Structure formats: C-alpha cells, structure tokens
Amino acid sequence: MDYFDEQTPAIAVQYCVAVARIARWDFPRVWPEFADDLLARIRAIAGQQQQQQQEQQQQQQQQQTMELNALYTMHLFVKTLCQRSMPAERQALRRITPPVFATVGAVYAERLGQLQQLLVSSDNQQSQLQHQVPLLRSIRMCLKILRRLLVFGYAKIEDADHDAQQFYVASSTHQAVFYDLYRRLSPAQRGSADAVPLRKIVLLYGKMYLDFQNSHAIRFITTPGVGPMLAWYWARISEEASHLVPPLDAAIASADDGGGAGDGSVMLEPLLIQGLTLYKNVVRNFFYATDGDTDGDGGAVDPEVSRCREIIDAQLVPPPLVAQMAELLMRCYLPLKPRDLVLWRDDAETWLADEAADYWNFDVRRCAEHLFVDLVSQHRDQLVALVAAAVGQEEEDENKAADPSAAFYRRDGRLAALGLCANELYDAFDFCAWLARHRTPDSPLGAAKWRAAWLVGRWVPVRFEAAQRPHAYALLLELAGPDSPLVVRVEALASLLVCVDDWDFDAAQFSAHFLAPSLERIASVLAHVEASDTRMRMVGFLGTLVQRMQRAVAPFADAIVQMVPRLWESAAGENMCQTAVLVLVTRLVEALGAQATRMQAFAAPLVAHSVDLATPAHVYLIEDGIELWRALLRNATDLDDSLLALALRIPPLLHASTDLLRKTLRLVESYFLLAGERTFACCGPAILDALHNLVADTTLAARATLVGYNALSVVVQCTPPAVCAEPLTRSNVLWTGFTRIVDHSDSALVLVHHSAFLSRVAVQYPALFGEFLAAQDAAVASVFCSHWVGLHDDITQVPARRLHAFALAVAVGSTANDGVLAVLPRAVPLWNEIISDTGSSALLYGSGS
C-alpha cells in the first residue's frame, strides 16, 4: 500500500491489482486486518487532501492520485468478495460493509460537495469539465464500491444502516444532476476523454438499480424513492423517442457521409436500455406474480408480494401509463431504425447474426420489444384491443400520411407489435384474412418486405389455417427471390422453415408446387452468403426440409449433393458449419432410403475426415460423422468399396474408448450383417483384437462387456469358420472368457456375458470349440465346466438359457476330455428342462427327425 502515490496510470493499476489479488486469497484468514488497514489509508488520504486544498497544485494532484488508487484497490477487493458464495466469505463481506460504506460514503459526499462548489465558481464550461475530471473519477470509484456493498453487503436491505438507505434514496437525485451536466455538454465535449467519467457515473446509477432489482426484488418496489426514479427514466425515454425516428433519407445520407447511422442525436442510448429493462422487470416479474401463485401448501399469496403488486398497478405502472407506454413503444421504439437499414446495405450478414442472437439487453429496439411483449401479456385486457385496432387502421392511416418517414415508422411499429404479440392476439385478430388482402408497399431497402416475411414466421406457429398455407408459401418464396435484398431473402427462408417445421405441416401439399422453388431459393442464397452463421442457418433449413419431405426429395437429391462439396470446402476450419453439412447429408441419406446406396462413394470421404482421430477437428465432427456412417450402413443394400474401406477406421475408434463406443459397436454389427466375409477379409483380425481388449478390460462396466460380446457374437454368426476360426483363436478372446469363468472372481452379471459368448462359439464353431477344450488340462477343464454349468441359474432370458444348454451339449459331444465329461450328470437335468419347454421342443423336433 506504500505505492498508492504512483503517478503512471498503467503501473498504478498493476499495483492495485496485485494488492487486491493478495487480499483475495489472504483475507480474512491470513490477513484479517487488510480491510481496516485500507480504510485507514483512505481516511488519511481524504483528510490530507482536504487540508491541502489551498496548497500547491502538484501536491494536490498527488493526493488525488493516491486517493484514486486506494479506492480502486478497495473496489477490486469488494468486487472479489461479492463474487464469492461460501458462508464464511459472505459473513466477512457483511462484517466489513458498515465501516467501508461509512468511509467511502463520506468521501463520496465530500467530493460531491467540492464538485458543486466548482460548478458554482466556474463560468467557462470547457474549463469546468477539465477541472471536474479528478473529482468525477473519485466519485465514480466511490460509486463502484457503494453499489456493490448496497446490493451484496446486507443480508436484508431493510437492516442496512441509515447512511446506506439515505444514499440509495438520494441516488436518483444525484443521477439527474449528473445527467443534466452531461446533457449540457456540446457534442464535441461528449466525445472527448474528459466526458467519459461523467458518462459512466450516470450509467453506474442505473447498474445499481438493476442489480438491486435482481437481488432484492421485493424491497426494490417497497423502498422509498422507486417511483420518482422510474418516472425520471420514463421522462428520458419519452424525450429521446423522437430522436430514434429521424427522417429516413436524411439519416441514411448522413451515414453515407461518414456521420452516425441515423440516431446519433440520442443523448445516452445505454441509459434508455437501463430504463426499458427496469420497467420490463417491474411489469412482469416472477417475484411480483399473484395470479394463481401460492406459498406451495395451499396458503394465500405472500402479503409482501400482494403489496408490491398493488404499488405497481396503482403507482408505478397505472393503466394510463400502460396505454401511453404501448403507444410510444409502437410509434418510436419498435420500428426498424435507420442504422438497421444502413447495416442491411453495408453489412447484411452481421445484422442477421445479431438479430438471430437476440442480445436484447444491448440494443434499444430489441429491449423495447421484450418490454412490449411483457406489457401486453401482463395487461392483456387493456392492450389487445388497442393493438388490434391500431393494426386495423394501418392501411387507412397510410393513405392519409403526408410524411413518408412518419408513415413508415408508424406502419412498421404497428406490424412489429402484431408479430411480437401473436400469442396474445390470436383470438382478437384474423391474421390470415389480413395477409390475404395485404400488399407489400415499396419501402427503403426492402424493410416492408422483411417485416411481411417476419410476420408470417411469427404467426404460423400460433394460428394459421391449413387452407391459407399455400398463400403463405407463395408469398415467402416471392420475397426470397433474387430481386429482394439479402436480409429479406434470409428472413423469408427462415419463416418458411417455421412453416415446414410446424406440427400441422402437410408435406404432400408443399411438395406439389413449392418444394422445387424452395430448393432453388436456398441454393441461390447459399451462393451469395459468406458468413458462417448465415451458411449454417441455410444448411440447417435445407436439412429440415429434407427431413420433413422424406421420399419426395428424391428427384432433387442430385442437386443437393452437388451443393455439398462447395459447402464443405467453404467451411474448412469452421467445425460447427461442417457439422451442419454432415447433418444435412445424414438426413438426405435417411430420406432416400435404399436409394442412398449411390451416395456411398460421395459420403465416405466426409465420414473419413470426421472420424480421423489424428485431426483436431474430430472432436467436433466425430459424433455427426458416425451418425452419417450408421445411416449409410442402415440404408445400404450392398457395400461400395469406399464404404468398405471405412471399416479400417473402426479399430482405432474401439481402442479410443470414447463415449461413442456403443455406436461404434453398432457399426461393427452393421458391417458384418451386410457383408461378413468381405468385412472380415478387410479388417477382421484388427476388429477382433480391439474387441478382445474391450471385453478383457476389467475397469469397464458390465454393460460395456455385454455390448462388446454382442458385437463378437455377430462377427461369429456372420463369418464362416474357415475364415474366422484361426484369427479368433489368435486373438485370445476364447482364452479370456475361459479363464474368467475358471477364476470365477467376477460377479455373476459379468460371468454370464463371458459364458454367453463361449456358448455362441460352441454352437457356431463346434469343431473349434471342441479342439479348444480338448487342449486344456482335464482338471482345469473340469473346473471350467463345473462353473459354466453353475451359471445356468444366473441366466434370466429364455433364448440365452437355450443357447447355454445347446453349448453344453456341443461341449460334451465334441470332446473326450474327462474334465468335460465329468459334468454330464449335472448337464442332463438342464437339457431335460430345455426339451420340456414347448418352444425348445419344437426347435429340436420340428424337422421330424
């Protein structure tokens, strides 16, 4: 702490961070007096600065630097404590909160007084701002500390000391004063570095309100001062509304000349976002819900919640304000802004990505959309009729409008409200009838076309008659034509995706007239887009279309296949985009069914790249690559050489023991069921070795042993003995199962799996099994057969019990080993049981022998 007088900002920051990080680990166990020492330093520096106000300017500047560094260290320390959740650390934070709040609050109040004196004594605005900067920086740092202590430093905010409560009540007044200071600055001054602390101070108050609302929702409503604070925010929202909707032509021309994107005259856009968010959380919040909410045991609603609801409905958001808010949002906040249109023209794909991401708490329009939806949902009886009537008057008002810009904003705002509140308006508004008579007027950069396409996508999942769907398909395909701007085409296809993926989608109705144009529109957009996000959206839509249309897409399969190589190459290095391509090809293979055999040579390289463990991309692609692999095998009638060559990649996957082990074993089974002898000739010994390592691994669960032996059983059943017998013996699979049963150290659940596989080998390869038993010592063979027969009672499934009995018969009949023959008295009752079973008797004697 002796380095708080460091004048170089970069070095001073590192000193502060170093001290805060040490305290992060040492407080309160190793360094319990840290908070007290730092508070004492802050008090001393603040006292010295007050005494030296009349001294030389250099000494005063040094004291200001020391104070700022000390406050910054305290801010980092308090921020760290607030992020911790352990009880001891929470208790430590609450213990230091009162003294820290008192000390920092005193510094905050003192600097506010000095700032007020400076404002009164200075007449030059530019000189004022320069002299205000040190004080503003100290005030800002104090605010950073106080807002966190206020939110996280008290278990119950009503138990906070008097200073903390007074600070919170007075904060709305202080914010208004600082905002007026910022507003009086010229545009040039607002863009200067000296105005940054002032701007951040105004926003810090809003952050404090939002944090307080999230952490103390009930007290946020009941604490004095919330009404004036929200009213002040609404005044700012109202007075800045007209700046959000400037004349379109002038705004776009200003952007072309290097100016703002049309709404640069807005004073402080993040302040509007804070106000809209505060109102959103007040209008509709889980903590303020009373309708149908109880305390969980049939009791009444919490009285505090009822009180909050009454305050909100009567004082904070009364019915007149609800109507005023809805009208203002529709008129100025919901319409597309000039900067949206400029981005459509200059960087359409970035705008599309931002719109799809919906970072609503960083953009005024999107934040207003969420507020409007909550407002209509919470006040449905009051606003549904108002919104429906406003949309119904849209055509009449448009004909009367003299100002094209005003008409555009009014119309777009109303249509935005119509789409956003579709779930609330479905009974009060006939969207299908409106769409049937709707005409898409000319508008700047296709904004009206985009809004029409967006509206269809919002209403189809809510209410859209089946008879009207062809009209919607035709409209969307028209809007997605090559003559429309890119944003309109992408939005039209996105809405078409909503139609296709809807529960009431009729594939037969769509395939007759709209499938071919849809594929053409998607291919056209894919040929023009460059951003990976946009490509992924289009590829995802294409995959959904293929999945819903199934066999109807077969005539267009070649056209889709021709798009894949270009998509795959353009997505090189973009793993998520390549994943979307793999999903598309998988769905196409599933849709084609048996016709997908002709796609094996095309899809095999995609699978090979996806499952190649030597490439880093396999981490992202392997799961979808295996799904494509399985789809190819599932729908194959024969194995192409390229698909057969992929079998060589199975052993490394089995050795990797990934979460995809079960699917990989399904690949083994599929290969041998399709062409067992060809597959074994290609990679049989390697697969046997990999499967042996799997079933011999005692660290795996019994389920893994089971699925491994299931795959081995398929291999044995689908491969002739002449081909498989010798490699099977060399792989030591038989010896592993034999020794496990002899040792009898595993659980019966695991031993049953070893026994089932040996039984399968005995039935399929009786000569091999007989030779294997004959080669064993009689004593060891006797122990094996004794344990093997004893496992019969642990086998629960009837087919497995029959297989076990047949294998015992093969073992006794195929070898003269005395150890095997010794179990004959115990085996006869088992055979008698199986023969007595109706199904087994039919199996044994059905041939008439």
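Visitor: At 10% relative accessibility, does Glu 369 count as buried or exposed?
Guide: This is a predicted model. Buried means under 20% relative accessible area. Glu 369 has 10% relative accessibility, so the residue counts as buried.

Visitor: Which residue forms a salt bridge with Glu 369, with the closest N and O atoms 3.1 Å apart?
Guide: Look within helix α17, residues 364-378. With N and O atoms 3.1 Å apart at the closest, the partner is Arg 365.

Visitor: What is the relative accessibility of Arg 365, and is the residue buried or exposed?
Guide: The cut-off for buried is under 20%. Arg 365 counts as buried because its relative accessibility is 3%.

Visitor: Which residues are linked with Arg 365 and Glu 369 in a network of salt bridges?
Guide: Arg 365 and Glu 369 bridge each other. Both also belong to a network of salt bridges.

Visitor: Why are Arg 183 and Asp 180 separated by about one helical turn?
Guide: Their side chains meet in a salt bridge, 3.1 Å from N to O. Both sit in helix α6, residues 162-184. The separation is about one helical turn because they are 3 residues apart.

Visitor: How many salt bridges does a search of the whole structure find?
Guide: One of the salt bridges joins Glu 89 to Arg 84, at 3.2 Å. Both of those residues are buried. The whole-structure search finds 34.

Methods. Residues numbered from 1 in each chain as written. Predicted model: local features only at pLDDT ≥ 70, side-chain atom pairs only at ≥ 80, totals over all residues. Heavy atoms only, no water. Salt bridge = Lys/Arg side-chain N within 4 Å of Asp/Glu carboxyl O. Buried < 20%, exposed > 50% of the residue type's maximum accessible area, 1.4 Å probe, protein only. Helix = DSSP H or I, 4+ residues; strand = E, 2+ residues; numbered from the N terminus.
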